[in-house]
Amino acid sequence: MYSNKYIYKVAFPIFLSLFAQNIINVIDTAFLGRYGEIELGASAIGGIFYLAIFMLGFGFSTGSQILIARRNGERKYGEIGQIMLQGVLFLLVIAVLLFAFTRISSSSLLRLMVSSEHVYRAALEFLNYRIYGFFFSFVNVMFRAFYVGITKTKVLTINALLMMLVNVILDYLLIFGNFGCPRLGIAGAAIASVCAEAASVLFFIVYTVCFINIRKYGFLQKFSLKFTVIQKILSISIYTMAQSFVSISTWFLFFVAVEHLGEQALAVSNIIRSFYMFLFMPVSALAITANSLVSNLIGEGKKEQVFSLIKRILKLAFMVIVPLIILICLTPRIMLSIYTDNAALIDASVSSLLVISGCFLICAAGSVFFSSVSGTGNTRAALLIEIFALSFYLLFMYVIIYRLQMPLFICWIIELVYWGLILIASSVYLKKGTWKKKII
């Protein structure tokens with residue numbers, strides 16, 4: 001059984017990697033919160049639109065990570081590099097297609113869903129630059145899948161710091177036009193994010209060549225496009241791709257619905273989203289660790305230890321997030337001042353922040369159990385669980401926002417509904433034990 005120390009050893013660099021990715025959003029939100037309320041709200045719409053499409057690539061990398069972890073557990077190291085390289089090639093092709101699709105369709109889609117002309121124009125300006133990130137972020141997620149799958153995650157720490165540094169510097173220069181740079185506003189935030197992702201890819205390539213035994217992992221084998229390898233990855237990842245896309249797309253619809261409550265409600269929701277993602281980072285790191293270690297355990301033939309591992313990871317998650325929740329609940333206005341110095345926005349955000357904090361224990365439990373379902377290799381079951389929970393999510397959103405037009409803090413209870421259903425369904429699936437017969 002993996003010890004608590006080993007779980008933290010794997011999870012902490014993943015947390016830092018997620019921190020770097022999400023700190024881009026936090027930094028963008030903090031800078032734009034001081035630039036303008038419209039830009040702050042528009043970055044939420046544009047950012048989640050980008051994220052929904054990016055999750056197709058992320059979902060593919062999740063399936064690749066499960067397969068890499070299984071081969072690592074089976075000690076078939078020579079197959080891992082080919083999984084990685086074939087995945088990168090496939091995702092670069094997908095990036096070209098998604099870039100073209102977004103470039104062509106984003107204007108009409110945003111026009112259809114966003115009622116405010118100012119928010120529409122700002123969100124479109126953000127997206128026109130942000131979508132160049134597909135080419136870099138898709139390669140990044142495959143590198144992360146490789147390092148998480150082989151449980152050598154220390155490199156993610158350095159990568160996280162690099163991304164953070166590049167993004168902070170460029171945000172400071174490009175959003176406000178400091179040190180003679182052009183004052184680009186929301187476009188500057190998008191450009192800074194893309195450059196941070198590009199720097200990350202360059203670092204991963206250099207580090208892998210210099211410090212990883214590329215012969216051991218099969219990177220030096222003669223490379224050619226192998227549809228059998230891609231097909232094997234897709235047999236697992238097609239469901240995680242669909243699940244990831246559907247999940248974030250539904251969240252995008254939530255923000256579109258909130259936009260109809262007013263520009264301030266949208267700006268507040270962007271701040272709450274940023275806090276939500278901040279709280280979720282340690283949970284998500286442990287959930288990704290659960291995914292990888294569950295797959296490794298099964299590969300080692302230790303299926304009977306899976307439930308004990310999940311419970312241990314869940315306890316560690318609670319130990320990390322409970323102090324964070326207490327801190328936020330005791331000092332909500334101080335926390336919100338990180339994002340904006342607008343007193344009206346801070347006052348409007350407090351109740352929603354407290355609601356999200358109160359829901360988070362259920363969110364944490366649901367995330368760890370759900371990620372473990374994917375770790376068993378049955379990603380189809382994970383997709384069905386996601387669809388089940390999101391059906392109620394959409395119904396709740398329609399009733400609460402469109403029909404009843406409830407206050408914003410009531411609308412955020414939707415996260416409790418979603419994760420509660422995820423937790424129940426994932427627990428039932430894992431206890432049934434049918435996953436023990438799954439072979440990948």
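## Helix packing and cysteines in a predicted model

At 18% relative accessibility, L173 counts as buried, because the cut-off for buried is under 20%. Keep in mind that this is a predicted model. L173 sits in helix 6, which spans residues 154-174. Leaving aside residues up to four places away in sequence, L173 touches N178, F179, C181 and P182. As for L40, it is 133 residues from L173 in sequence, and the two C-alpha atoms are 18 Å apart in space.

**Cysteines**

How many disulfides does the structure hold? The count is 0. Take C195: it is in no disulfide, and the nearest cysteine sulfur, that of C181, is 11 Å away. For a pair to count as a disulfide, the sulfur atoms have to be within 2.5 Å. C195 has 33% relative accessibility, so it counts as partly exposed.

C411 is in no disulfide either; its nearest cysteine sulfur belongs to C359, 13 Å away. Is C411 buried or exposed? With 1% relative accessibility, C411 counts as buried.

**Two helix pairs**

Two packed helices are described by the angle between their axes and the distance between the axes. Here are those values for two pairs in this model.

| Helix pair | Angle | Axis distance |
|---|---|---|
| Helix 3 (residues 80-113) and helix 8 (residues 227-259) | about 25° | 13 Å |
| Helix 12 (residues 343-375) and helix 13 (residues 379-403) | roughly 145° | within 7 Å |

Start with helix 3 and helix 8, which pack at about 25°. That angle makes helix 3 roughly parallel to helix 8, because angles under 35 degrees count that way. Helix 3 passes helix 8 in a right-handed crossing. On the helix 3 side, the contact is made by Q82, I83, Q86, G87, F90, L110 and M113. Helix 8 brings V229, I230, I233, L234, F252, L253, V256 and E259 to the contact. Sorted by class, the residues in this contact are 11 nonpolar, 3 polar and 1 charged.

Now for helix 12 and helix 13, whose axes cross at roughly 145°. Which hand does the crossing of helix 12 and helix 13 have? It is left-handed. From helix 12, the contact draws on F370, V373 and S374, while helix 13 supplies T379, A381, A382, I385 and E386. The residues where helix 12 meets helix 13 divide into 5 nonpolar, 2 polar and 1 charged.

How values were computed
Residues are numbered from 1 along each chain as its sequence is written. This is a predicted model: local features need pLDDT of at least 70, side-chain atom pairs count only at pLDDT 80 or more; totals for chains, interfaces and linings use all residues. Side-chain values use heavy atoms; hydrogens and water are left out. Axes are lines fitted to C-alpha atoms, for helices over the stretch in contact, and angles run from 0 to 180 degrees between N-to-C directions. Helices (H or I, at least four residues) and strands (E, at least two) are DSSP runs, numbered from the N terminus. Angles under 35 degrees count as roughly parallel, over 145 as roughly antiparallel, 65 to 115 as roughly perpendicular and the rest as oblique. A crossing is left-handed if the near helix is turned anticlockwise from the far one by less than a right angle, and right-handed if clockwise. Contact means heavy atoms within 4.5 Å. Ala, Val, Leu, Ile, Met, Phe, Trp, Tyr, Cys and Pro count as nonpolar, Asp, Glu, Lys and Arg as charged, and the others, Gly among them, as polar. Buried means under 20% relative accessible area, exposed over 50%, partly exposed in between (1.4 Å probe, protein chains only).
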